[in-house]
Amino acid sequence: MGNSLSNTGILILTHLDTVHPHGSFGEDRFVIDGDRVTGPGILDMKGGAYIAFQALKLIVSSTQKPSLPIHILCTSDEEVGSPTSRSLIEDAGNSAKYILVTEPARDGGKIVISRRGVGRYKIITRGLAAHAGVNHKDGSSAIREMANQILKIENMTDYARGVTLNVGKIKGGTADNTISDYCEATVDLRVESSKLAIEIDSNLRSLKPLQKNTQVLIEGKMNRPPFSQTKESRELFDKASAFATEVGFELVGMHTGGGSDGSFLAEKVPTLDGLGVDGVGPHTLTEYLKISSLQPRMNLLRKLILNLT
Ligand SMILES: [Zn+2]
């Protein structure tokens, strides 16, 4: 639908990837149990992509047409920070009048009006290898150095100021009987404001080795900026809220620590996020969507698409 990307229409953003490694759900990938459907990425956010398609399908086959051109962009690398789709999202989003993101609803149907910024880093420690039995004292362990750095990194977490750091993955070493000369770990940073992003980024970059004969290197950067509600997004929220009332539910906005593709342009283009389906447990093996949320959430999206001007 719509013309080219160079217009001022509505951009619907969805992603089709998930965090679960292939095979993690075994044979029972798709299970319907009462109001619940379990499956990999079903809540975050295949359900959201599904209702967007249903809304567009209904619009295509009806006589009522939207006044704005509609684009839908389905990406497949959102969960890893959108390295290949970011420029596509920015190109499509920069010329959009509104952006609607079908990430899952939160806490019983709330939509997202602000998000923390996300930083992704890799910390590398290098040491000196040695035989663990023959010349232990000549070595300098990269793993031990990393252990010390992890404590410093995780201690930068400050809930009161809205800063969290998580070392999510670690690997290093070569053998049980070798003092390791290499270790690496990933850090996920979440911040409430751009000011905090700069502060914590610089703290990470000034990490210094604590042992002799070791080095600490840092790669990475802020990946998605913090997304706070602008006046224009507030107005869009108010419109959506009136539509939701007509559909038959109350729309509540909330803040979340999770980043999304909606964060890239939210400061410039009025954005509503979390318009997807309701459910529980995104990124877990028990992730499920509520079947009862499909119809109302789809109706809200359809109303937004048809009535935004
Ligand atoms: Zn998602």
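Modeller: I will start with K290, which at 25% relative accessibility counts as partly exposed, where buried means under 20% relative accessible area, exposed means over 50%, and partly exposed lies in between (1.4 Å probe, protein chains only). This is a predicted model, in which local features need pLDDT of at least 70 and side-chain atom pairs count only at pLDDT 80 or more, while totals for chains, interfaces and linings use all residues. Residues are numbered from 1 along each chain as its sequence is written, and side-chain values use heavy atoms, leaving out hydrogens and water.

K290 has a salt-bridge partner in D278, with their closest N and O atoms 3.8 Å apart; a salt bridge here is a side-chain nitrogen of Lys or Arg within 4 Å of a carboxyl oxygen of Asp or Glu. This pair links distant parts of the chain, because D278 sits in the loop between β14 and β15 (279-280) and K290 in strand β16, twelve residues apart, with helices (H or I, at least four residues) and strands (E, at least two) being DSSP runs numbered from the N terminus.

E184 is buried, at a relative accessible area of 14%, whereas K122 is partly exposed, at 27%.

A further salt bridge holds D261 and R224, whose closest N and O atoms are 3.1 Å apart. These two lie 37 residues apart, D261 in the loop between β13 (253-256) and β14 (271-272) and R224 in strand β12. Both D261 and R224 are buried, and together with E78 they are linked in a network of salt bridges.

The strands β7, β11 and β12 also have a helix as neighbour, since the buried residues of α3 pack against β7 (117-126), β9 (163-172), β11 (182-191), α4 (194-205) and β12 (215-224), contact meaning heavy atoms within 4.5 Å. Those buried residues are A142, E145, M146, Q149, I150 and I153.
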